[in-house]
Protein chains: 2
Amino acid sequence: MLKLTKLKADSSTEQKIRDAAKEVFIAKGFSGCTSREIAKAAGMNVALVNYYFRSKTALFKIIFEAAMGDFLLSMLDVFNTDLPLEEKLRNYLDREYEFLAKYPEIPSFIINEMGRKDGVHIDNTAVFECIEHTGIFAECKVEQAAGRMREIDITSITVLMMSNCQFPFMAAAVIKQVHGISDEQYEKQLVQHKQIVTDMLIGYLFPGSISNQKTQK
Amino acid sequence: MLKLTKLKADSSTEQKIRDAAKEVFIAKGFSGCTSREIAKAAGMNVALVNYYFRSKTALFKIIFEAAMGDFLLSMLDVFNTDLPLEEKLRNYLDREYEFLAKYPEIPSFIINEMGRKDGVHIDNTAVFECIEHTGIFAECKVEQAAGRMREIDITSITVLMMSNCQFPFMAAAVIKQVHGISDEQYEKQLVQHKQIVTDMLIGYLFPGSISNQKTQK
DNA sequence: AGCAATTTTAAACAAACGTTTAAAACAGAG
DNA sequence: CTCTGTTTTAAACGTTTGTTTAAAATTGCT
């Protein structure tokens, strides 16, 4: 055999570094952590980080794109169902809060790193068309034309959804400090905030819907 | 005279460093920039940063608290008017979008730095009571008791407001890249998004208000 | 002018950074 | 066991980091 010994390598060490890097990068950002910190978190020597992944920058790109992917995947398979639009959006909100409860730091991570002057740049067409391919946008336009959905451009709809899902997790530290509430209290807060957000968004986007006639409280 | 010469010092150099630090810190965060970068932005020698402000950390605290103050002040004098609550919230949304158009990076800055494990910690009671002292929360409870405002806890109300104001500015880079729109296009987007947010929030918080009967576009 | 205090500078400091090296430890095949 | 390629280690690399130093320039006062 020529060089098939290489195939077994990708299990332990490389994956441990990848996992540690994911945790550290997402928690602290690219410039907020060091190669040695990642190595230590993985229980490895510093040199191994560059042995498996050429450089800190190269490793970061891998982690970032994976995070971006996880985030996208979570929304895509909600949109790929064939429920009515309103139910799809309800499910999206459910899923989003569920995802964010599990990975609350990912939106900050993506937003910060993409906002940096010298930050990462994604293939914009890929992400957008990935979502558009689910037909969700077309579906919105159909509902809007039928008068069942409020006439708002797609961009604003997505910003409304993202704002009300992601911000409560991104600003958790500030909100907890300002309102002087504990971690457990804020978790409960988030549960009821999800309900409020759902009521508000569905009520606003589908003004005539039967599901929000006198559903206040 | 003993040592009154010191009084004139605070005009030029010190202020230039402060201004440069504000710009650089807010744009890149504490760990995203260096002392030398700040000095260069101010056109000064590195040592002067530590001559006027003991350390990078000390300078950062000053900048952070100033940013926090600016942000608070902007909302406080809206709440200190004696307009009806609904008008107050409308004005708040106006002011917030105006402020954020001018300083779009401040929310990210505050949220990121306060979210860091070893990040800055504010005097939580100070900020909260500063807002409470305007009577805005009491006013909400009065309106809620009178059945004119939806029964939602104060925390959720503030989170709703902040989410829909701050997030569109914080995530600007991501949204622009994903939707493939230019800076100018996104500015227009924000103008109409403000209107949408206002309609939605007012409509949700004051369900019976005359100002949102059939105001859909 | 001359003097004392303040402000600015260039240089240096140790520590930490990302990255590379060269040798050691390990694995599998003959 | 030996040999070969892969994985891991400790050490060092040249920079850059925040900070300090000590000398130079500047200022304000008499």
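Which residue forms a salt bridge with Asp70(A), and how far apart are the closest N and O atoms? Lys22(A) does so, with the closest N and O atoms 3.5 Å apart; a salt bridge here is a side-chain nitrogen of Lys or Arg within 4 Å of a carboxyl oxygen of Asp or Glu.

The views below show a predicted model, in which local features need pLDDT of at least 70 and side-chain atom pairs count only at pLDDT 80 or more, while totals for chains, interfaces and linings use all residues. Residues are numbered from 1 along each chain as its sequence is written, chains are lettered from A and ligands numbered from 1 in the order in which they are written, and side-chain values use heavy atoms, with hydrogens and water left out.

**View 1. Domain 1 and domain 2 of chain A.** Chain A is divided into domain 1 (11–53) and domain 2 (64–212), with bounds that come from an automatic or database domain assignment. The C-alpha centres of the two domains lie 30 Å apart. Six residues of domain 1 are in contact with seven residues of domain 2, where contact means heavy atoms within 4.5 Å. About 520 Å² is buried between these domains, and carbon and sulfur atoms give 62% of that area. Buried area is the accessible area (1.4 Å probe) that two parts lose on being put together, summed over both. Lys22(A), Ile26(A) and Phe30(A) supply 74% of the area that domain 1 buries against domain 2, more than any other three residues. Across this interface the rule finds one salt bridge and two residue pairs in polar contact (both at pLDDT 80 or more). A polar contact is a pair of N or O atoms within 3.5 Å; within protein, one must be able to donate a hydrogen and the other to accept it, and residues adjacent in sequence count only if both atoms are side-chain atoms.

**View 2. The interface of chain A and chain B.** The contact takes 47 residues from chain A and 47 residues from chain B. Between them the chains bury about 4,400 Å², 66% of it on carbon and sulfur atoms. Phe167(A), Gln177(A) and Met200(A) supply 15% of the area that chain A buries against chain B, more than any other three residues. Zero salt bridges are found across this interface, whereas 14 residue pairs are in polar contact (both at pLDDT 80 or more). Helices α6 (106–115), α7 (124–132), α9, α10 (172–179) and α11 (183–205) of chain A each supply at least two residues of the side that touches chain B; helices are DSSP runs (H or I, at least four residues), numbered from the N terminus. The most comes from α9(A), with 12 residues. The side of chain A that touches chain B divides into 25 nonpolar, 18 polar and four charged residues. In this division Ala, Val, Leu, Ile, Met, Phe, Trp, Tyr, Cys and Pro count as nonpolar, Asp, Glu, Lys and Arg as charged, and the others, Gly among them, as polar.

View 3. Ser163(A) is placed in helix α9 (residues 154–170) of chain A. Ser163(A) is buried, with a relative accessible area of 0%; buried means under 20% relative accessible area, exposed over 50%, and partly exposed in between (1.4 Å probe, protein chains only). Leaving aside neighbours within four places in sequence, Ser163(A) is in contact with Pro168(A), and, from chain B, with Ser163(B), Asn164(B), Phe167(B) and Pro168(B).

**View 4. Salt bridges within chain A.** A search of the whole structure finds 24 salt bridges over all chains. In one of them the side chains of Glu139(A) and Lys88(A) meet at 2.7 Å, N to O. Glu139(A) lies in helix α8 (residues 136–145) and Lys88(A) in helix α5 (residues 85–102), so the pair ties together parts that are 51 residues apart in sequence. Glu139(A) is partly exposed at 21% relative accessible area, whereas Lys88(A) is buried at 3%. Arg116(A) and Glu113(A) also meet in a salt bridge (2.2 Å, N to O).

**View 5. The surroundings of Gln144(A).** Gln144(A) is in helix α8 of chain A and is buried, with a relative accessible area of 9%. The side chain of Gln144(A) reaches the backbone oxygen of Arg150(A) at 2.8 Å.
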